[in-house]
Amino acid sequence: MHKGHSLTRRDLLRRGAILVGSTTVFSGLLASCRGASPEASPTAAPAPATQATPTPMTMATPAASPTPAATAKRGGTLRVAIIGEPPALDPQFTTATITANITWHMFEPLFHRDKKFSPKPLLAESYEFTENNKVLTIKLRPNVKFHDGRPLTADDAIASLLRYSKLSGRGRNLFTRVANLDKIDTHTIRFEFKEPTGIALIYLAQVDSFIMPKDLAEAYPDKGLEQFIGTGPFKFKERLPDRYIALVRNEDYTPLEGGPDGYGGTKIPYFDEIRFIPVPEQAVRGDGLVTGEFDFAEQLSLDNFDAFKAEPNLSLQVTLPYYFYGAHFNKSKESIMSNPKLRHALLAAVDVEPVARAGFSRPEFYRLYSSQSAPETPWHTDGGAEYYNQRNPEKAKQLLAEAGYDGRPIRWLSTKEYSYNYNMALVLKQQLEAIGVTIDLQVMDWATLVKTRSQRDAWDIFITGHESYQHPVLQPYMNPTWPGFWENAQRDQLVQQLMGETDEARIKELARELDRVWWEDAVMIKVCEGATLRGYTKKLQGYANLPDWFFWNCWFA
């Protein structure tokens, strides 16, 4: 806390200042969303999808982090208001995004995602695929040290990756294809895969594949870490539950050369300390930002954008690309939505613009496009676009009749904990009832919704969001056990091909085909990509407007 400020969180709750009536649009969203048969052809040309273009002033673009200026200086404590207490400080042990975003200041994987979200070496110095992408050899950077001064070696990398293969869902998925992982020399490891696995670098660029000392990996084989020793630009200092998590600068950190690039490249720790402060109340995060209690706050109320914008000492970040949102169908045989013709009837009826506006307030906070992947990624395509935003109620009614729909209520799970969820459901319900569908909207808390959606016979539709900047193979609904229960042989074949491929042009073709199959099988009603709002003091310099926040290469003016 800065000198001169004596407000407590309780005081802030009482104040209300500019935030009266603010909603909890995004609070806790990331932690809850991650985790993680044909085909009616359109009988009429779809209406063109519209694209909302955010204003450049507030739009975050996936560019490289700004190169630290000559005026950049060390010092100070950065106070970051986060959405709540992280369940652990071990991204192999939990999928909570808040854990990943805190801990990648301490821990580093072999690769990072660049400004185009493609993998690039980080702890790795170089790599080579051979034998038709069935062998991957990775050479580690020399002279990298852990926070306790020990050098990084191949033994550390192997032990960490073996732990990753057991604790992380992504790790388990990747290692189903691994025949052997061995040490070539002190700084070189080699994967031997059972089949071509060019996608390995995508997995190894996720924070849950981070590298820790061998003895630490082996001491916590099946539980969360209690010691936090990595190679990153900041080191663990202390954790006081419900108060803060403190990291301090790693004075011995040796950054890569070549300049910042997305989530990696040159990383320089300027702050003496970063304090991540759990603040579950959205209004308190916003009010604390305005009063100077916090230097940075995530997931602010979009409804209060204009009020925040009027504050002379604040900068705002409307983050796109971010998550895309829509209504998942229960495709298991226990649900009425297992009928693909019925799913397509609902797809045909939807006009996404009013649904997106209900969820995200105004056009600068959402974008409309058909792909599973954002335009800034290498996987964005127009595959299946004819099924998106059709706005064709007559076609929908015809498909309802062909599906034999008899008015049976469709059970729709919703929650008011995330206002986008409930508000979007209300507009979709209205549009679908207009074509003769009966919707049973069941409103519950998010925890109950998550529990209910795991039961194949208990629901038919629910809304959630997914990362738009992630490789489509990593989307949770690609797994048939994820609620939605999507099984499709074409999908499985395409996923396997994408897992093996390294040629960029071929990856694009396969991604287009996967988008097409996704739409042809009517997996969900995709509505839009929605933004999240972040704010920070203008004295914070060097902050990179990327979908996930981080605070290396940042300093106080």
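Select Lys 526 and Phe 324 to begin: the charged end of Lys 526 sits over the ring of Phe 324, 5.1 Å from its centre. A charge is said to sit over a ring if NZ of Lys or CZ of Arg is within 6 Å of the ring centre and within 35 degrees of the ring normal. The structure is a predicted model, in which local features need pLDDT of at least 70 and side-chain atom pairs count only at pLDDT 80 or more, while totals for chains, interfaces and linings use all residues. Residues are numbered from 1 along each chain as its sequence is written, and side-chain values use heavy atoms, with hydrogens and water left out.

**Phe 485 and Arg 456**

Next, select Arg 456 and Phe 485. The charged end of Arg 456 sits over the ring of Phe 485, at 4.2 Å from its centre. Phe 485 belongs to the loop between strand 18 (461–467) and helix 15 (489–500); helices (H or I, at least four residues) and strands (E, at least two) are DSSP runs, numbered from the N terminus. Phe 485 counts as buried because its relative accessibility is 4%; buried means under 20% relative accessible area, exposed over 50%, and partly exposed in between (1.4 Å probe, protein chains only). The phi of Phe 485 is near 55°, a positive value in a residue other than glycine. Most residues other than glycine have a negative phi, and most peptide bonds are trans.

**Backbone features elsewhere**

Move to Ser 361, in the loop between helix 11 (352–360) and strand 15 (366–367). Here too phi is positive in a residue other than glycine, with a value near 75°. Ser 361 has a relative accessible area of 29% and is therefore partly exposed.

Then select Leu 320 and Pro 321, which are joined by a cis peptide bond with omega near 5°. Pro 321 is placed in strand 14.

**Aromatic groups**

Show the side chains of Tyr 322, Tyr 323, Tyr 325, Phe 360, Tyr 418, Tyr 420 and Trp 446, which form one aromatic cluster. Across the whole structure, a search finds 39 aromatic pairs. One of them is Phe 550 with Trp 552, a stacked pair at 4.3 Å centre to centre and 15° between the planes. Rings of Phe, Tyr and Trp (its six-membered ring) pair if their centres lie within 6.5 Å; planes under 30 degrees apart count as stacked, over 60 as edge-to-face and the rest as tilted. Both Phe 550 and Trp 552 are buried.

**The nonpolar core**

Now select Leu 110, Leu 161, Ile 189, Phe 191, Phe 276, Leu 346 and Phe 551, the residues with the most contacts inside the largest nonpolar core, which has 167 residues. Strand 14 (residues 314–329) contributes the largest share of this core, ten residues. A nonpolar core is a set of buried Ala, Val, Leu, Ile, Met, Phe, Trp, Tyr and Cys residues joined through side-chain atoms within 4.5 Å.

**Buried positions**

Select Arg 163 in helix 4 (residues 154–167). Is Arg 163 buried or exposed? Arg 163 counts as buried because its relative accessibility is 3%. Beyond its neighbours within four places in sequence, its contacts include Asp 90, Tyr 220 and Lys 223.

Ser 373 lies in the loop between strand 15 and helix 12 (393–403). At 1% relative accessibility, this serine also counts as buried. Apart from neighbours within four places in sequence, Ser 373 is in contact with Trp 379, His 380, Ser 468, Gln 470 and Pro 472.

Go on to Ala 531, found in strand 19 (residues 524–537). With 0% relative accessibility, Ala 531 counts as buried.

**Helix 8**

Finally, select residues 282–291. Helix 8 is largely enclosed by the rest of the structure, because eight of its ten residues are buried. Among the buried residues are Arg 285, Asp 287 and Leu 289. Gly 292 follows helix 8 and has a positive phi, near 90°.

Notes: Contact means heavy atoms within 4.5 Å.
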